[in-house]
Amino acid sequence: KFEKMKRWISLIFVFLVNTTVAFVQPPRSTVSICVKAEKEEGIFKRFTDPKIDDEGLVIADYLMAGIVAPGLEAGLSVLLGLPPPSWTLAFGRGKLVAPTLFRGFNLAAAWLGGALAARLYERQAYDFPGTPKRFQTTFLSTLKAGSFATALLILSTQAAIFSQFGFVSFGDNPDTDFALIKLSDDLLRDISTEALVLISWRLFRTSLSYMDDQDPPMSGRR
């Protein structure tokens, strides 16, 4: 069973790399150039030797994905009186800081993998003043990175289920069914909150790039 699982994980990873990275198709005139560059560099070089032009952006992304998003998720659950995510109860009721930081580390790691896969830390992915459709480009590239990050979260959730229960499916017994429902609910909440926060953040970062292209206003006053 373990060998079968490893084979499936390997196949799924290769599929995800080839589909989520190509989520946004480039213009037809640049397809051949991109394909040639991909063959020369290799897909795994994006992770083993990434190009990062702004280290501060990596830190900002971590803060958004690892602190702001899970903190917003936990806080809204408390304020709105909704059932809290199961991970907020890891250290007991009422203790939100530690589980938020722990969960945020996992979420930020998944986002970092997606951002590296989509090359979001290369300058042309976040700093393009004067470029038409800059916000559309940012939105689609963030979705591309989010798709890969979501796949990583799903795989990590599957690994957690396997470590606890082995190979199970819905309907096997009430205990595992309840656990699957809770984990699925947590996953959907995480994905929704991360998408809201990261898309908003990346669009805001693009607006800063747009402002850099504008001349400072001349008031005519001394």
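In this predicted model, Glu122 has a relative accessibility of 12% and therefore counts as buried, the cut-off being under 20%. Its place is in the loop between α5 and α6, the latter spanning residues 134-165. Arg119 forms a salt bridge with Glu122, with the closest N and O atoms 3.8 Å apart, and a polar contact of 2.7 Å joins the side chains of Glu122 and Gln124. Arg119 itself is partly exposed, because its relative accessible area is 24%. When residues up to four places away in sequence are not counted, Glu122 touches Lys51 and Asp53.

Side chains of opposite charge can pair when their charged atoms come close. Another of these bridges brings together the side chains of Arg202 and Asp61, at 2.7 Å from N to O. Arg202 lies in helix α7 and Asp61 in helix α4, so this pair ties together parts that are 141 residues apart in sequence. Both partners count as buried: Arg202 because its relative accessibility is 2%, and Asp61 because its value is 0%. Asp190 likewise forms a salt bridge, with Arg103, where the closest N and O atoms are 2.3 Å apart. Here the link runs between distant parts of the chain, Asp190 being in helix α7 and Arg103 in helix α5, 87 residues apart. Asp190 is buried, with a relative accessible area of 1%, whereas Arg103 counts as partly exposed at 22%.

The helices named so far belong to a fold of seven helices and zero strands. Of the 222 residues of the protein, 32% count as buried. Among contacts with a separation of 6 or more, 78% are between residues 24 or more positions apart.

Attention now turns to the nonpolar interior. In soluble globular proteins, nonpolar side chains tend to be buried together. The largest nonpolar core in this model has 20 residues, and those with the most contacts inside it are Trp111, Leu120 and Tyr121. Helices α4, α5, α6 and α7 (174-212) each supply at least two residues of this core, and α5 gives the most, with six. The surroundings of Leu120 can be traced in detail: leaving aside neighbours within four places in sequence, Leu120 is in contact with Leu57, Trp111, Ala115, Ala125, Tyr126, Ser141, Ala145 and Arg202.

Leu203 lies in helix α7 and counts as partly exposed, because its relative accessibility is 26%. Leaving aside neighbours within four places in sequence, Leu203 is in contact with Phe135, Thr138 and Phe139. Leu203 and Gln136 are 67 residues apart in sequence and 9.1 Å apart in space, C-alpha to C-alpha.

Finally, the surface. The accessible surface of the protein comes to about 14,000 Å², and 65% of it belongs to carbon and sulfur atoms. A nonpolar patch on this surface is formed by Ile59, Tyr62, Leu63, Ile67, Val68, Val97, Leu101 and Phe105, which together have about 740 Å² of accessible area. Helices α4 (55-79) and α5 (97-117) each supply at least two residues of the patch, and α4 gives the most, with five. Phe105 is found in helix α5.

Methods:
Residues are numbered from 1 along each chain as its sequence is written. This is a predicted model: local features need pLDDT of at least 70, side-chain atom pairs count only at pLDDT 80 or more; totals for chains, interfaces and linings use all residues. Side-chain values use heavy atoms; hydrogens and water are left out. Patches are made of residues with over 30% relative accessible area and no salt bridge: like charges are joined within 9 Å, nonpolar side chains (Val, Leu, Ile, Met, Phe, Trp, Tyr) within 5 Å. Accessible areas come from the Shrake-Rupley method with a 1.4 Å probe; for residues, only the protein chains shown count as cover. A salt bridge is a side-chain nitrogen of Lys or Arg within 4 Å of a carboxyl oxygen of Asp or Glu. Helices (H or I, at least four residues) and strands (E, at least two) are DSSP runs, numbered from the N terminus. A polar contact is a pair of N or O atoms within 3.5 Å; within protein, one must be able to donate a hydrogen and the other to accept it, and residues adjacent in sequence count only if both atoms are side-chain atoms. Contact means heavy atoms within 4.5 Å. A nonpolar core is a set of buried Ala, Val, Leu, Ile, Met, Phe, Trp, Tyr and Cys residues joined through side-chain atoms within 4.5 Å. Buried means under 20% relative accessible area, exposed over 50%, partly exposed in between (1.4 Å probe, protein chains only).
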